[in-house]
Amino acid sequence: MPMHYHDLNILIACGNKKDRLAFFNFFDEQNASQIFTASNMDQVMDMLDAEDDIGVLVTEISPHWLKSKSQVEQIKKIHKSIKVIGVFSESVNVDSQAYQTMTAWIDDSYFSPIAANELKARMTLDIKTMSPSELAHVKSAELDTVLNHVFPNTRRPQFLYDVSSGTVAHANDAMNQWQANDDLIGHSYVVLAENPTALDTAATEQKLNEEGVASMAFELKQQKGQNQKHITLTMHAVHLDGNPYYLGELEDTSLPVFYQQFINKLRSLQQIDFNGTQFEKDMKALMEWTGVEFLFAVNNGGRDSYDELIWDFSSDQKSELFIKAEHAFIQRQLAKKNRLEIEKGASKLIPGDEFITFYAVDQLLLYRCYVEKGADLLLVAGGQRTPFAWQPLTLLFSELADHLAKFMAFKALRALHESESRYDVLTGLANRRFIVKTMEQDLLDGKQQDQFKALAFLDLDRFKIINDSLGHDVGDSVLISVAQVLNKHVGQYGMAARYAGDEFLIWFNRGESPTVVQHVANQILKAVASPIALNNGSELKITVSMGITYYPEHAKTTGQLIKNADTALYDAKLQGKNRYSEYNDSQVGDSPKQLEQMEKNLSHAIENNELDVFFQPKIDAQTEDIMGFEALVRWEHPELGLISPGLFIPLAEQTGLIHKIGYLVLYKSCQILRQWQSEFGLQLNMSINLSPLQLSDKKLISRIKQVIEKTKVHPQFIDFEITESEKFENVTEALKMMRQIVDLGCTLSIDDFGTGHSTLEYIRKIPAKTLKIDQTFVKNIGLSPDDEAILDATIDIAKRVGHKIVAEGVETEAQRHYLAAKGCEYFQGFLFCRPLPANEISRILGERAALLSQAI
């Protein structure tokens, strides 16, 4: 029976104030007669001598308080009926032997710090109703009482482990339902585990001896016909009939463990790369965790049957029979809804299906992933075992199917893009990517390095006027007509390509001399000048201008050749158009007259809204979905045509016009970004370049705030790119301005990273979260081990300091795979998309939305 403390005198002698207060409050609630406290052991002995009727002594066990058997004997000699309660101090390390020795001297024991609810439970409850934790603190109880009263009063599985023999001695009926008692009694408790060798019994039993309680979590040994259980075994050290036991209690934690694992699985599905090396491993792990016996995907190639295997991770290739069998019932169900989920009894519910009948399928999960004709997949999963939790299972495979459908949709977009990756759809000429790649290969070919080559940059004169006044259909006809002229006159000497808009490149890699190039250029000028017949019966006369540069005389790299040809083209425009101009050093922009005229043109362009913004998508490396864009300014002069940013941006910085251009780009970009976010429901971001000159503008912050307020774009979606190779007039002020931009809620990126003179210093000082790897390093993947080493080191440095990585200039699958393996989060380059005007981006986002709406 529990002890009553009514009318007893109590003496409390503990160094820990919280323990003293816990005991004082407890005894006060029990209506003890008087409660005394002592501040040291000498005072305890004095008070015991002075008071005859102390009923209970609570004393700390430590070197400064109670520490020996002789002290207890002396106390008992003064008060024979006194109850001595020892409180082990936190500063005392007690092993099992010391604990058993000390508790033999006293009537009850506790470990500091003491919880008030534990104190009340142990000192007032009847042993017959005690929990294992309460029972563990009783000095000694009768074994029969536990077996006949404690075990029957709980529904939880419990057992008694005899410490002396090292075996389970007793188990209750609830335990028998989880594990046959005949298999448990007489053995160690580790036989409960599916993998006994994984249990750290030594550490558990050490904790039991030191603290009196210990827990371990493991998978219960699976019984036939049962699902795997995750359990927590909690054991308490108890003394029964004076002998040490562990009282073990099992708690089924399968559901919380399952749901935590389920959440983790759900998240991991979004990271699955269906083309990756880990795909098979991921799918087999999913099968093992969910318990499905088959998981495969089949495609309907257009024959109204799913007869084309995509992948199968079943142990015995169950998809073979599925492909051969007829599925009339399944096809009818999928025609109504793109999924079929049967929790139990599939073989009874689906008549006449050879696959279902042969494998006696009980649970079945079918998800149709339709993107377009020829890309109509069916995800099939199931088996004979009853699932642990059906709804989470369906959600998991539904999410897998959704992810697969999105992957297929983006794959279809990629296939469409790749079909256009060599040739321009409108003109049939090679496209920009293909001609640039051809030039790079030619220049790297050792046999051709000393051979004469030339590049011509061709642009239609006044094409913008034609497009705006006569319409895009007429504009397209003009471009096709020019392409036909180029095909006719260039073919035997090299390659012609549509570079962008109304710009064309001609790569003379089979020409013999400048004379040949000049001859072809004159033929093109003459042929283009012939009137073009329009569909309405009228005729249109156009002219073109060309800039020509020679290899190796003027440049030895692809980029420099294009730049030189563009410079020469601009010179031809200034000379009156309808002519070609050959590159020379005086055209680089040093001519005061040329600069003056260009400045006037640029100022006029800003005032008359001739500057436009193009957008190049940034791609998520994991999903290959569009996550944002980089804004790139473009200038199309009504007479001179498209003018390279490499020509007018330096001029804008020299003349101060860069501030107006910067504001124009910022406003237009944020305006269209907000429109795309609203229309397509996407959290896209926009990267906008900032020059060092803009960072020195004291009005920059107020201008950014003004644009945010006008366009309603949240600042977290605006990213400003700072070019690493640029130098700042005042570094301190520039960094201060950067921090103010970040304080607005915007983000910063370091552009062209790896090309500057202070790379590590940049990482340390600039408050940027993203680094953009310069395309120079990307271009040389697989070609230059030195550049690859620099690239790897740069990525490693960025990762170590927590920066995201954007790889610029990604143009090949080999580059994409290499960068993805190195951990680049985002891609940007012609492999995915070139810079496009806003209306073209809107079209792409619309196609994306349409494809995804068809998928599941």
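H11 and H12 are roughly antiparallel to each other, a class given to angles over 145 degrees, because helix H11 (residues 254-269) and helix H12 (residues 279-290) pack at an angle of about 155 degrees with their axes 12 Å apart. H11 passes H12 in a left-handed crossing. Phe258, Gln261, Phe262, Lys265 and Leu269 of H11 meet Ala285, Leu286 and Trp289 of H12 in this contact, where contact means heavy atoms within 4.5 Å. By class, the contact of H11 with H12 has 6 nonpolar, 1 polar and 1 charged residues.

This is a predicted model, in which local features need pLDDT of at least 70 and side-chain atom pairs count only at pLDDT 80 or more, while totals for chains, interfaces and linings use all residues. Residues are numbered from 1 along each chain as its sequence is written, and side-chain values use heavy atoms, with hydrogens and water left out.

Rings of Phe, Tyr and Trp (its six-membered ring) pair if their centres lie within 6.5 Å, and planes under 30 degrees apart count as stacked; by this rule the count comes to 23 aromatic pairs. The rings of Phe827 and Phe832 have their centres 5.8 Å apart and their planes at 10 degrees, so the pair is stacked. Both residues are listed below with their burial class, buried meaning under 20% relative accessible area (1.4 Å probe, protein chains only).

| Residue | Relative accessibility and class |
|---|---|
| Phe827 | 0%, buried |
| Phe832 | 12%, buried |

Elsewhere, Phe294, Phe296, Phe322, Phe355, Phe358 and Tyr359 form one aromatic cluster.

Key:
Axes are lines fitted to C-alpha atoms, for helices over the stretch in contact, and angles run from 0 to 180 degrees between N-to-C directions. Helices (H or I, at least four residues) and strands (E, at least two) are DSSP runs, numbered from the N terminus. Angles under 35 degrees count as roughly parallel, over 145 as roughly antiparallel, 65 to 115 as roughly perpendicular and the rest as oblique. A crossing is left-handed if the near helix is turned anticlockwise from the far one by less than a right angle, and right-handed if clockwise. Ala, Val, Leu, Ile, Met, Phe, Trp, Tyr, Cys and Pro count as nonpolar, Asp, Glu, Lys and Arg as charged, and the others, Gly among them, as polar. Rings of Phe, Tyr and Trp (its six-membered ring) pair if their centres lie within 6.5 Å; planes under 30 degrees apart count as stacked, over 60 as edge-to-face and the rest as tilted. Buried means under 20% relative accessible area, exposed over 50%, partly exposed in between (1.4 Å probe, protein chains only).
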